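Please have the sequence and the structure open while reading.

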Amino acid sequence: MRSICFYFQVHQPMRLKTYRFFDMGVDHYYYDDFQNRSITKRIAEKCYLPANELMLRLIKKHGKDFNIAFSISGLALEQFEMYAPEVLDSFKKLAATGNVEFLAETYAHSLASLKSPEEFKRQVKQHSLKIEELFGQKPVTFRNTELIYSDAIGEMVAEMGYKTMLTEGAKHVLGWKSPNYLYHHASEPQLKLMLKNFRMSDDIAFRFSDKAWSEWPLTADRYAGWLKNVKKEEEVVNLFIDYETFGEHQWADTGIFNFMESLPEKVLSSSDFKFRKPKDIVKTLKPVSAIEVPYPISWADAERDVTAWLGNEMQDEAFDKLYQAEKKIQLCRDEEIMKDWNFLQSSDHFYYMCTKWFSDGDVHRYFNPYPSPYEAFINYMNVLSDFLDRVEEKCKNSDFENLKEKATSFMSGSKKKSKETGKKISDKAREKWDNVKGYTLEDLAKMSNTRIKEFIKSVDLKELTHALTESTEEVREKVIPNMTKRMKQEYEEFREEVRKVKTSELKKFRNKIEEQLNKFKM
């Protein structure tokens, strides 16, 4: 028996109101309640409620042969509670059938996995507790925001105890391999990886109503035929789709609901496929091999990377500035600050700043409520500036400051005790510093992404490119993803020059970069 995994993503961001420079310091409420309420209600009527009714009918009709999975962001759940509680009730009815699995993700639908392991794990825990509270299920399968995945992210997910993770079946990662198998993490074999069949998923999500598409109109019979023709040895077809496909992105008059209503029966009657939940699929299949993903991948755009969110200087600046406040916020117990911290981390804010108007321009324009990415950036930065000022004010007397005072007091006491007892603590500290103060290129692999980005901007890119040739693969894998898209292009151009440079010259470049690194670290 082979499996089809239907997983649906449900997310709605907390949209920001128009927030001008003169609002800063005066108005601390950032959200467009009218838009958030009206959009949530509209999509509830067009998509969530009729789609959930349809899924419930299909479960009742096909029983154990029809199972599905949902990943619902914490921000969507909060808005359902505020504006459309009937949607939550309809999801609870689905949960009660036993045929629906609810997945874990980041609460804020954030990009924290690319920036902060601590914040990433905090949000996953918050989301898991919310799912368990609402639906009575403790998630065992993980799906990261925008299907973002890398070896490093997989390690964090494995550390949190998850045994299964969903991600994109990116061509540049798989090469000749098919996404229609179960895989596992390169160094954490206990973490099973289910990869999206993006061609068959996008046939429904994006191309269904495209009259210029050679396969239009797409019928359940035709789609079932495609599934039947999947090679017999291929064990699972993962169809990962935005739930808003039904009724919102593809309107009801396109026939999308009729297509979905007919599809299970056509598939079940003409092939050996069954519709199963992720947690059940991994119990019966063995991974065929590991996959290595040194750089983050996602579902987005032709590149299947993260440049839709972090691909230009505006996005990088906003992202870095947001996380400057993380350490203080971690120790701040102000509820309003924590709520805004969640809302402002949503990946949507950075997506709106995307300037990729080429092959994927229509997709970006469709999802962008701002007239331009530049206006999205200005509005977000105005909000962020006010938020960071509030963090400074609200958290200045928090545990963070108390901790600093205790640390200062402890150090003073240690010095005094050292003099009294004759222990030469300062000499020992100096001895330890002498052992570590000579930073090398290899130390870049231990630096945070934020610090690496700052360092890259502070040095000559051509010199850095030459120096990286003399470093380890681990260092290059850490540094290159933190370059902007333009920097990566220049890096590739400079690499061609490196082949003509003598080894002795490369060592000079390495020494120069290491010298700058020591000044930078100090």
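The model described here is predicted. S73 sits in the loop that connects β2 (68-72) with α2 (74-83). Is S73 buried or exposed? Its relative accessible area is 0%, and the cut-off for a buried residue is under 20%, so S73 counts as buried.

Which residues touch S73, apart from its neighbours within four places in sequence? The contacts are Q9, V10, H11, Q12, E105, Y107, H109 and H127. A polar atom of the S73 side chain also lies 3.2 Å from the backbone nitrogen of A76. K130 is 57 residues from S73 in sequence, while the C-alpha atoms of the two are 9.8 Å apart in space.

## Backbone features

H109, one of the residues in contact with S73, belongs to the loop between β3 (100-102) and α4 (117-135). H109 is not a glycine, yet its phi is positive, at about 50°. The relative accessibility of H109 is 3%, so this residue is buried.

L147 also has a positive phi, near 60°, and is likewise a residue other than glycine. The loop between β4 and α5 holds L147. With a relative accessible area of 4%, L147 is buried.

A further backbone feature is the cis peptide bond between W216 and P217, where omega is about -5°. P217 is placed in the loop that runs between α7 (198-205) and α8 (220-228).

## The five-stranded sheet

In which order do the five strands of the open sheet lie? The order is β4-β5-β7-β6-β10, with mixed pairing. The edges are formed by β4 (141-143) and β10 (290-291), each of which pairs on one side only.

Strand β4 runs parallel to β5 (residues 164-168), and three bridges join the two. Within this pair, T141 is opposite T164 of β5. Helix α5 (residues 151-159) lies across β4, β5, β6 (182-185) and β10. The angle between α5 and β6 is about 85°.

## The chain as a whole

The protein chain contains 23 helices and ten strands. Of its 522 residues, 54% are buried.

## Confidence

The average pLDDT of the protein chain is 89, and 89% of the residues score at least 70. Over residues 422-426 the pLDDT is below 50, and this stretch has four contacts in the model beyond near neighbours in sequence. Residues 428-437 also have a pLDDT below 50, with two contacts beyond near neighbours in sequence. Where pLDDT is low, the predicted coordinates should not be read in detail.

Methods
Residues are numbered from 1 along each chain as its sequence is written. This is a predicted model: local features need pLDDT of at least 70, side-chain atom pairs count only at pLDDT 80 or more; totals for chains, interfaces and linings use all residues. Side-chain values use heavy atoms; hydrogens and water are left out. Two strands pair if DSSP finds at least two bridges between them. Helices (H or I, at least four residues) and strands (E, at least two) are DSSP runs, numbered from the N terminus. Contact means heavy atoms within 4.5 Å. Axes are lines fitted to C-alpha atoms, for helices over the stretch in contact, and angles run from 0 to 180 degrees between N-to-C directions. Buried means under 20% relative accessible area, exposed over 50%, partly exposed in between (1.4 Å probe, protein chains only). A polar contact is a pair of N or O atoms within 3.5 Å; within protein, one must be able to donate a hydrogen and the other to accept it, and residues adjacent in sequence count only if both atoms are side-chain atoms. pLDDT is the predictor's confidence in each residue, from 0 to 100.
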